[in-house]
Amino acid sequence: MTIHESKSLAERAKALYEDRIRKELGLGNHGKYVAIEPDSRDYFVAETFGEAIRSSRNMHPDKLAFVIRVGHEAAIHLGVMSS
């Protein structure tokens with residue numbers, strides 16, 4: 001087993017995001033969703049989570065992608081907001 005194989009999909013996608021994708025996206029993509037397919041190193045930027053995943057699945061139908069929301073700690077926030 002290689003080091004590449006021992007890392008999870010999420011770990012590999014996050015590393016790719018930090019090493020390359022964040023810089024390529026620049027400041028104009030805050031709040032958008034990025035689906036990352038780490039084996040190919042391809043990524044897909046969209047306004048919604050679903051659009052990002054669909055773009056990734058269209059290009060790589062047999063691969064899983066990991067989604068990051070630009071400028072946020074998580075792609076999706078669950079829970080209730082209080083005022």
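Rings of Phe, Tyr and Trp (its six-membered ring) pair if their centres lie within 6.5 Å; planes under 30 degrees apart count as stacked, over 60 as edge-to-face and the rest as tilted. This is a predicted model, in which local features need pLDDT of at least 70 and side-chain atom pairs pLDDT 80 or more, while totals for chains, interfaces and linings use all residues. Residues are numbered from 1 along each chain as its sequence is written, and side-chain values use heavy atoms, without hydrogens or water.

**View 1. The aromatic pair of Y33 and F49.** The structure holds one aromatic pair. Ring centres of Y33 and F49 lie 6.1 Å apart and the planes meet at 80 degrees, so the pair is edge-to-face. The pair links distant parts of the chain: Y33 belongs to strand β1 (residues 33–37) and F49 to helix α3 (residues 49–59), 16 residues apart. Helices (H or I, at least four residues) and strands (E, at least two) are DSSP runs, numbered from the N terminus. Y33 is buried, at 12% relative accessible area. F49 is partly exposed, at 32%. Buried means under 20% relative accessible area, exposed over 50%, and partly exposed in between (1.4 Å probe, protein chains only).

**View 2. The whole chain.** Three helices and three strands make up the secondary structure. From the N terminus, the elements run α-α-β-β-α-β. Of the 83 residues, 28% count as buried. The chain exposes about 5,900 Å², and carbon and sulfur atoms supply 54% of that area. Accessible areas come from the Shrake-Rupley method with a 1.4 Å probe; for residues, only the protein chains shown count as cover. Among contacts (heavy atoms within 4.5 Å) between residues at least 6 apart in sequence, 47% join residues at least 24 apart.

View 3. Three strands form an open sheet in the order β2-β1-β3, with antiparallel pairing. Strands β2 (42–46) and β3 (66–69) stand at the edges with a single partner strand each, so one side of each has no neighbour in the sheet. The twist averages 25 degrees from one strand to the next. Helix α3 packs on the sheet and touches β1, β2 and β3. The direction of α3 makes about 145 degrees with that of β2. Axes are lines fitted to C-alpha atoms, for helices over the stretch in contact, and angles run from 0 to 180 degrees between N-to-C directions.

View 4. Two strands pair if DSSP finds at least two bridges between them. V34 stands opposite V45 in β2. E37 stands opposite D42 in β2. Four residues lie between the strands of the hairpin, where R41 takes a positive phi near 70 degrees.

**View 5. L16 in helix α2.** L16 is found in helix α2. This residue, L16, counts as buried at 5% relative accessibility. Leaving aside neighbours within four places in sequence, L16 is in contact with I21, I36, P38 and R41. The C-alpha atoms of L16 and D42 are separated by 9.7 Å, with the two residues 26 apart along the chain.

View 6. N29 lies in the loop between α2 (9–25) and β1. At 13% relative accessibility, N29 counts as buried. Neighbours within four places in sequence aside, N29 is in contact with V45 and V70.
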